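Subject: Structure for you to look at

Hello,

Here is the structure I promised to pass on. Please open it alongside this note; my findings follow below.

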Amino acid sequence: MRPKFKIMAKKKKITKTEYEYKAGENISEVARKLTGNSYMVYALLEYNHLRMEEVKPGTVLKWR
C-alpha cells in the first residue's frame, strides 16, 4: 500500500504595491505592509519623493 501523503503547493506571497494613507495611521505600519519591514519608512518616503510632514490622509504611497 502507498503511504498517504499530501503534496502541498507553496502559497505565493502577494505583495501590495500601492496604499492609500488614512487619518490616524502609523506610518511605520504602512511601511511594514508595503515593504515587509517597519524600519523602511524613510526608504518608502524617498521612493515616493515625500517628506514626513507631506504625508496627509489620502496620499497614495507606492512601492516597487
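This is a predicted model: local features need pLDDT of at least 70, side-chain atom pairs count only at pLDDT 80 or more; totals for chains, interfaces and linings use all residues.

First, the overall layout. The protein has two helices and two strands. Along the sequence they come in the order β-α-α-β. The protein has 64 residues, and 23% of them are buried. I also looked at contacts between residues at least 6 apart in sequence. Of these, 42% join residues at least 24 apart.

You will find Thr35 in helix α1, which covers residues 27-35. Is Thr35 buried or exposed? Thr35 counts as buried, because its relative accessibility is 18% and the cut-off for buried is under 20%.

Thr35 also has polar partners. Its side chain reaches the backbone oxygen of Ala31 at 2.6 Å. A polar atom of the Thr35 side chain also lies 2.9 Å from the backbone oxygen of Asn37. Which residues does Thr35 touch, if those up to four places away in sequence are not counted? They are Met40 and Trp63.

To look at this on screen, centre the view on Thr35 in helix α1. Then show Ala31 and Asn37 for the polar pairs.

Best wishes

Key. Residues are numbered from 1 along each chain as its sequence is written. Side-chain values use heavy atoms; hydrogens and water are left out. Helices (H or I, at least four residues) and strands (E, at least two) are DSSP runs, numbered from the N terminus. Buried means under 20% relative accessible area, exposed over 50%, partly exposed in between (1.4 Å probe, protein chains only). Contact means heavy atoms within 4.5 Å. A polar contact is a pair of N or O atoms within 3.5 Å; within protein, one must be able to donate a hydrogen and the other to accept it, and residues adjacent in sequence count only if both atoms are side-chain atoms.
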